[in-house]
Amino acid sequence: MVLLHRIEAKWRKAWETAKIFEADPDPKRKKCFVTFPYSYANGPLHVGHAFTATRVDAYARYKRMQGYNVLFPWAWHWTGQSIAGASERVKSGDKAFIKALREIDGVPEQELRKLVDPTYMASYYTNENRETTRRAGFSIDWRREFNTTSPIFSKFIEWQYKKLREKGYVVKGTHPVVWCSKCKSPTGDHDRQEGEGVTPEEYVLIKFKYEGKYLPAATFRPETIYGATNIWVHPNADYAEVEVDGERWIVSEKAAKKLEEQKRKVKTVRSLKGKVLIGKEVTNPVTEEKHMIFPAWFVDVAHATGVVYSVPAHAPLDWLALRDLKQSPTSMKKFGIKPQEVEKIQPVSMISVEGFGEFPALEIIDRLGVKDQCDPRADEATKLLYKKEFHGGVLKDICGKYAGKRVQGVKEVLINDFKEGNIADTMYDLPEPVVCRCLTPCIVKVLEEQWFLKYSDLKWKEKVKEALQNANVYPETAVPWFLSTIDWLKERPCARKSGLGTPLPWNKEWIIDTLSDSTIYMAFYTIIKQIRQRRITPEQLTPAIFDYIFYGKGETEAIASISKLDRRILESIRNEFLYWYPVDMRNSGKELIPNHLTFFLFHHAALFPRKLWPQIIGANGMLMIEGKKMSKSKGNWITFRNVIEEFGADSTRCALLLGAEGMDDPDWRSESVRDIKDKLESFYRLAEIIIGEAENEEFGWIEKWLFSVLQKKAKIVTDSIESLKTRTALETALFEVWNDFRWYTRRKGDLKAKALREALNVWIRLLSPFAPHICEELWEKVEGKGFVSLAEWPEYDVNLINPLAEESENLVKSILEDTLSIIRATKLTPTKIYLYTATEWKWEVYQKALSTSGEGMPISQSDLMKTLMKREEMKKKASKVARFSGQIVNEINRMGKNRREELHSIGPLDEAALLLEAKSFLERELKAEIVVFKEDDDHKFDPENRARLAKPFRPAIYVK
């Protein structure tokens with residue numbers, strides 16, 4: 001471990017001294033601009049951040065080795081409630097939170113007291129995390145570093161929002177938002193302690209008539225009112241009779257308070273317990289049928305109105321609850337409900353759906369084996385049936401004028417009809433709990449005169465879809481998620497009244513929120529270096545300056561005069577922006593697709609021309625810890641700094657990258673990281689031995705094989721990194737290449753071949769993007785000069801591909817493996833092993849079969865025989881030819897086209913000569929004498945008549 005830390009410290013210092021990651025425009029070189037979403041400075045970087053960022057760095061290092069001028073910048077997100085909320089928790093003496101700061105974050109006691117200041121907290125974690133990223137070996141240009149509350153960045157954000165407003169994308173309106181009553185602000189995804197991604201949902205309230213009042217029951221499925229059988233109310237919960245816009249409603253007390261925030265005139269008349277309602281009857285406003293109110297302890301009064309109507313034929317939970325009541329009739333006595341009142345209730349079927357009979361809820365419960373209301377499979381059954389009925393359900397005759405309509409198509413019509421007939425109303429609520437960073441539970445508030453981003457704009461959405469289509473998205477399975485997000489996004493508040501950030505330019509009491517100022521900041525990376533170097537002040541950065549830099553608008557001389565800047569400075573800044581833009585690759589966690597990554601596309605489509613839209617967007621999974629979701633409150637949290645300290649930077653990087661690719665969730669396991677560390681140390685020791693011992697100049701078949709397979713591995717690594725398959729790339733570069741080296745040294749019996757040192761040169765370069773520190777150290781030993789970080793990437797060289805050498809070595813491998821299998825199966829201790837290679841006529845048949853199948857269609861034995869029987873030599877041994885061709889036809893038909901063509905191009909192998917060349921190796925491995933015969937050798941030793949079994953590429957074996 002000491003060795004790894006020493007190597008890593010040495011090369012970090014060398015990189016920084018040589019400034020090899022500082023990137024400036026160079027018209028002679030292709031550029032590559034990569035970015036990672038800046039992290040919040042309210043805590044240390046964790047291994048989840050590390051996984052995503054390491055993928056970006058591996059890509060950046062790879063492109064740099066390909067000769068690209070690579071810019072990988074970094075910044076810090078200070079905006080929003082996350083830092084302010086964390087600081088407030090320290091100030092309020094939150095013991096659990098402060099304990100986590102001490103034990104997980106490692107904050108010293110003298111620093112803890114200072115974290116009551118949010119700006120100090122942000123500065124503290126920025127400094128800590130900057131050092132961590134340096135220790136990780138990230139190839140960052142630190143000259144472009146900034147934080148999102150700096151006055152210069154705020155000027156950039158002000159310009160962005162003025163532009164959006166000019167284009168009609170920022171509008172004032174009235175919309176439902178997730179609201180923190182303490183902060184008096186909308187609460188965006190990244191300003192939440194929990195509930196990220198949760199948005200207000202509109203519930204339909206069916207107004208059941210009750211003693212001159214209404215009992216509004218909340219639902220997402222208003223069409224199911226035709227199948228209602230009873231009402232559910234929590235008997236022990238607090239309800240209230242309230243006057244809502246002149247009507248008397250009975251809802252939960254919590255619902256009454258929520259309605260007050262939704263532009264409703266609400267006045268409480270009286271409070272009551274739910275049990276007061278149990279056993280009473282209500283009237284279905286659609287069917288005019290009477291329904292009894294039953295007790296249900298599963299009703300969540302914090303959810304919507306706290307009143308639910310029951311549809312047991314189509315809602316699995318309703319049927320389970322009703323079944324439980326039927327099975328325990330005595331429990332209803334205390335509510336004055338007679339057993340027969342419950343028993344007489346039967347499911348009412350009102351939707352037909354393919355694959356189900358009259359009562360789908362009952363059927364799906366049986367299919368999934370749901371036991372009761374507490375069974376987790378009950379929720380699964382509910383979701384499955386809802387999806388099935390929504391997309392494929394058709395309303396039955398019982399549904400009156402809506403009969404025959406598809407559920408999906410009739411829902412909005414039905415809701416409008418019900419509203420017009422005063423049968424239904426609506427309210428907003430959150431389907432899951434949301435907690436602000438200040439730890440206040442959030443509600444839905446209908447906000448008047450608030451500033452929103454108009455993500456509902458259909459023309460804007462079309463441009464965003466065009467931008468998505470313009471980009472390469474990896475993995476491609478992320479595209480439907482993006483499209484879905486683009487479609488469902490509506491107006492979103494872009495400002496709040498608390499936390500850190502940039503004030504809204506035209507209304508300073510509002511602060512632009514954390515997900516609204518993080519959409520085009522990549523453009524700021526391209527200009528901050530020159531702004532800082534030339535000591536340009538915030539006051540000089542007028543909107544006209546940014547218009548010129550990003551759009552080329554305005555007269556340079558006039559703009560320069562107003563801002564008191566030299567015209568050449570402005571031109572230089574604009575040229576640098578144009579050199580680096582667009583973003584060539586942006587990678588993030590998949591959890592940011594429903595917000596940040598999609599907003600990133602929206603704002604680029606709104607503010608930049610098509611040629612400056614993002615080129616590659618990557619999404620990866622969310623890292624788990626020992627199979628569980630990361631959670632600081634549960635202690636399941638690992639900081640990036642700590643794992644680097646324990647395992648080293650290269651081991652950590654490799655362990656992360658080997659965890660997963662695509663959108664699969666990687667699982668961090670300490671034991672796996674230790675294993676990777678051991679493997680890297682073994683690789684380092686092996687490389688040192690190869691470097692020290694290489695002296696043999698010979699270059700034969702085995703060397704040709706090594707460089708051929710190495711070329712193919714290089715191509716796999718290259719193609720994989722290009723499509724962000726970083727796990728495949730590293731698995732190939734580390735393990736697959738290592739297997740080739742093992743086989744080579746096993747065949748040669750030593751590490752002295754100079755070819756091995758040449759191959760090591762390639763191996764080190766292939767591994768460099770993933771384990772850069774170790775590779776720099778080995779590169780110095782191999783080459784003696786320069787940085788491997790700047791060395792040429794191993795390009796695929798078709799001239800080094802040698803199918804004959806590869807197939808020859810495959811032959812030796814298969815003979816070894818087959819013989820070992822025979823020995824294990826027979827438990828023999830061999831003294832001699834006889835190998836029999838196929839006769840010439842079998843090779844001729846095999847080659848003819850390969851060439852015939854090469855036309856693309858499967859070959860048949862009869863067609864092959866017709867062709868073969870045209871030759872007199874084949875006719876003489878027709879029975880043998882028929883038997884052999886029957887054995888190989890299916891085998892060849894199973895091969896891929898490329899494989900068939902490759903084998904045909906190789907032609908007949910001189911297998912006897914190859915096996916004699918490998919004789920000493922095979923004897924060493926098998927600890928027995930090897931004797932090679934050709935199948936038609938008249939003097940062969942073959943007591944078991946095995947030679948007749950020989951096939952091309954598959955010699956027969958006899959163990960004595």
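What share of the contacts in the protein between residues at least 6 apart in sequence join residues at least 24 apart? It's 77%, with contact meaning heavy atoms within 4.5 Å.

## The model

What you're looking at is a predicted model, where local features need pLDDT of at least 70, side-chain atom pairs count only at pLDDT 80 or more, and totals for chains, interfaces and linings use all residues. Residues are numbered from 1 along each chain as its sequence is written, and side-chain values use heavy atoms, leaving out hydrogens and water.

## The whole protein

The C-alpha trace spans about 110 × 80 × 55 Å along its principal axes. Of the 960 residues, 57% are buried, that is, under 20% relative accessible area with a 1.4 Å probe, protein chains only.

There are 35 helices and 34 strands. These are DSSP runs numbered from the N terminus: helices are H or I with at least four residues, strands E with at least two.

Strand β32 (residues 832-837) pairs with β34 in the antiparallel sense over 4 bridges. Y834 stands opposite Y958 in β34.

Conventions: Pairing = 2+ DSSP bridges. Buried < 20%, exposed > 50% of the residue type's maximum accessible area, 1.4 Å probe, protein only.
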